Amino acid sequence: MREEGFDPTDFSVVVKLRGNLPKAWKWEIYRAGRWGPLEVFARLFESMAVAAKDGKKALARLLAEQAA
């Protein structure tokens, strides 16, 4: 069910350096106006680009669930 006041542009993926090399990158999904991430992926990635790509897929799934 669609949340009241739902705006897809309020959501974003942020990639952060959170671990030790060689796998140090993780993504987090945030929503404007909320403190802290909505979702954090526990697995670490080998590069920022790979983490961002996976995070964008997760965000697309989240937005599809919210829009339903």
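## Contacts, core and charges in a predicted model

Q: Leaving aside neighbours within four places in sequence, which residues is Lys-26 in contact with?
A: This is a predicted model, and in it Lys-26 sits in strand E2. Skipping the neighbours within four places in sequence, the contacts of Lys-26 are Val-14, Val-15, Lys-16, Arg-18, Val-40, Phe-41, Ala-42, Arg-43, Leu-44, Phe-45 and Ala-51.

Q: Which side chain of opposite charge is nearest to Lys-26, and how far away is it?
A: Lys-26 is buried, yet it has no salt bridge. A salt bridge would need a side-chain nitrogen within 4 Å of a carboxyl oxygen. The nearest side chain of opposite charge to Lys-26 is Glu-28, at 5.9 Å.

Q: In what order do the elements of the chain run from the N terminus on?
A: The chain has three strands and one helix. Strand E2 covers 25-31 and helix H1 covers 48-67. Reading from the N terminus, the order is β-β-β-α.

Q: Which element gives the largest share of the largest nonpolar core?
A: Twelve residues form that core: Phe-6, Phe-11, Ala-24, Trp-25, Trp-27, Ile-29, Phe-45, Ala-51, Ala-58, Leu-59, Leu-62 and Leu-63. Strand E2 and helix H1 are the elements that give two or more residues to this core. The largest share, five residues, comes from H1.

Q: Is Phe-6 buried or exposed?
A: Phe-6 is found in the segment before strand E1 (11-17). Not counting residues up to four places away in sequence, Phe-6 touches Phe-11, Arg-31, Leu-63, Gln-66 and Ala-67. Buried means under 20% relative accessible area. Phe-6 has 9%, so it counts as buried.

Q: How far apart in space are Phe-6 and Val-50, C-alpha to C-alpha?
A: In sequence, Phe-6 and Val-50 are 44 residues apart. Their C-alpha to C-alpha distance in space is 28 Å.

Q: Which residues does Leu-59 touch, not counting those up to four places away in sequence?
A: Leu-59 is one of the residues of the largest nonpolar core. Leaving out residues up to four places away in sequence, Leu-59 touches Phe-11, Ser-12, Val-13 and Ile-29.

Q: Why does Glu-46 count as partly exposed?
A: Glu-46 is in the loop between strand E3 (39-40) and H1. Beyond the residues up to four places away in sequence, Glu-46 touches Pro-22, Lys-23 and Trp-25. Partly exposed is the band between the buried limit of 20% and the exposed limit of 50%. Glu-46 counts as partly exposed because its relative accessibility is 44%.

Q: How far apart in space are Glu-46 and Lys-56, C-alpha to C-alpha?
A: Along the sequence, Glu-46 and Lys-56 are ten residues apart. In space, C-alpha to C-alpha, the distance is 16 Å.

Q: What kind of peptide bond joins Leu-21 and Pro-22?
A: Pro-22 is found in the loop between E1 and E2. Most peptide bonds are trans. The bond from Leu-21 to Pro-22 has an omega of about 10°, and it is cis.

Q: How far apart do the centres of the positive and negative side chains lie?
A: The chain carries 12 positive and 9 negative side chains. The centres of these two sets lie apart by 8 Å.

Technical notes. Residues numbered from 1 in each chain as written. Predicted model: local features only at pLDDT ≥ 70, side-chain atom pairs only at ≥ 80, totals over all residues. Heavy atoms only, no water. Core = buried A, V, L, I, M, F, W, Y, C linked by side-chain atoms within 4.5 Å. Buried < 20%, exposed > 50% of the residue type's maximum accessible area, 1.4 Å probe, protein only. Helix = DSSP H or I, 4+ residues; strand = E, 2+ residues; numbered from the N terminus. Contact = heavy atoms within 4.5 Å. Lys, Arg positive; Asp, Glu negative; His and termini not counted. Charge placed at Lys NZ, Arg CZ, Asp CG, Glu CD.
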